[in-house]
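Visitor: I am new to this structure. Please take a close look at one part of it for me, the contacts that involve aromatic rings.

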Amino acid sequence: MLSDPIGHSWYCFTALASYITDTPEAMMLAMVGRKTSPVTMAMYKQFRDAFHHEPWMKSMTLAQLAVVRLRTDPNDIEPFWWDYILADPSRFLTPESLHHLHKVFFDHNTQWLINTVGDSKIDFQFSVLQPITGHWHFHGGISKLKQVTSCCQRDIQHYIIAVSADAAPAGVIAESLLPGFIGGRDSGLPTSLNTPTLQRSKTLARSSNNNNYDTQICRHLDRAEKCHRFELATGLMDHEQRVEEEGLDLDAEETDVDVNTQDIPIDPTRHPRQITSYFAIAKALQHREVGCVPVPLRSFVNKSTAFHLSYDPSIRSITVDEVAIKFGLPDLRQAIADFLQCEATYGQWHVHAIGGPRRAGPAAVLPFNKVQVWFKIRLQEMDLHNAHAIKPAQTLNCAPPNDLWILGHYDTVIAKTSAGFSWPSSRLSGHTIVQIGLIMRPIGKSGSLWSWKDWFLTYVQHFDLSNDRDPMTHLHILKQAKRSNGNRMGNIIPVSQLRAPVQLIPHFGATADKCLTVYNSLEHAMEFWLNEFLDKSTFFALSFDAI
């Protein structure tokens, strides 16, 4: 008997909708032997069959138990679910991401690749990958890892195909690709583990005195449930009274009410990880009165990408020639002059192409002499399959050489190069892969008027994209684009033409170059894999035409 919020008692019967457990316990619950599927009729020798075997039903388990009871005490063997309605092992034994996807991939597919490529070789190749902010970096490789978290396993899945593509045989790569793209930082917790009760329990555990977890959490949940039921009951009664007193028409259409969401307190137990929406911030800033917020706005949106720069630049004021020396960009002045000439010819909203011959000379005169410089920028995208959902923002680095990063720390990104195309629906058509070399805002000379004084520009160096893909992994191969004099090809474009972060992994070949380090791999290597497995949005956008 269970009572409802208004005190009525009801007969309630439990339905076994889902039981999540590991494989040994699942086999015990289904009462099957070793090397047998707990959810189908397949034996271990049939696991590779290309068809789906018959599901394991409750009637089969009970029939086998009837035979077993003839030879043993019938009270010793009885599954707890035997009298549940529709309780078939093939239905209630549901998989969950942590064990049946991530852990299986780490325990099997990852170990196959380690054994095939070689532990020392794969460790070296993992260790020289340029770190991505917010992702794991494996300084010591992966062959010696024992206990790892789900996030760590996902990041191994993100990298391992491209890292092993040069050394592993095609058959082993194919086996690793069979489960499909499992990872994705935007996947979050498994659905079964992402419940309000569990999130509340985790929050309470973090804030407790580290004693008697179970007792404290159960007491809190019990009291919280009673309070919730009391509030629900009183809310229903108050609503009925208000309807009677005011004569409200419950069938009338609802009207939209403007609510200031900034005044709504955040419940840390319901949303333990809030995602900052730079789309919402940029929209709010645009509707502020002129003079209330400093310009140019540090948060702005272009198409399906939001951009955010810190209010204070990393370098407040520096001359163009000094920043060219600091960042190692000998053609910076010429690139800026070509950009301004293109602006004067085609207008401010022209989509700038990347590449082509350099037209301005090294002594080109610019309408400004100093710039402000940022070392980081944050990009945020909308979800590929849900236009109302936003992904966590990704930090892109653009820092000059220092003690560790002797060649600088520059991340890679997809940039738009032609009008009429949009990311991600157009995929790489009208787009290219670039490395951010500088983020700046020109400071105009006193008394001079020009259109770009309140906008942000970036110097990018692009890569040539091969038309051929790897036949097994379908990964693109990229090479550094260079001019006839051997210098890398760079151009100035508006920051608003950047679209989405991407990862490039060196094309190691049969033998990796021992000169590669974590600090120079993107500068020293000549060829790269475009890693489509970095996250789910990138995977679906870049690999759709190859599937």
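Guide: The charged end of Lys-514 sits over the ring of Phe-124, 4.7 Å from the ring centre. Sitting over a ring has a rule: NZ of Lys or CZ of Arg is within 6 Å of the ring centre and within 35 degrees of the ring normal. Lys-35 also has its charged end over a ring, that of Tyr-44, 4.9 Å from the centre.

This is a predicted model, where local features need pLDDT of at least 70, side-chain atom pairs count only at pLDDT 80 or more, and totals for chains, interfaces and linings use all residues. Numbering runs from 1 along each chain as its sequence is written, and side-chain values use heavy atoms, with hydrogens and water left out.

Now ring against ring. Rings of Phe, Tyr and Trp (its six-membered ring) pair if their centres lie within 6.5 Å; planes under 30 degrees apart are stacked, over 60 edge-to-face, the rest tilted. The count is 16 aromatic pairs. Take Phe-138 and Tyr-159: their centres are 6.2 Å apart and their planes at 80°, so they are edge-to-face. Phe-138 is in the loop between helix 5 (119-127) and helix 6 (150-164), and Tyr-159 is in helix 6, so the pair ties together parts 21 residues apart in sequence. Helices are DSSP runs (H or I, at least four residues), numbered from the N terminus. Both Phe-138 and Tyr-159 are buried, meaning under 20% relative accessible area (1.4 Å probe, protein chains only). Phe-126, Trp-136, Phe-138 and Tyr-159 form one aromatic cluster.

Methods: Helices (H or I, at least four residues) and strands (E, at least two) are DSSP runs, numbered from the N terminus. Buried means under 20% relative accessible area, exposed over 50%, partly exposed in between (1.4 Å probe, protein chains only).
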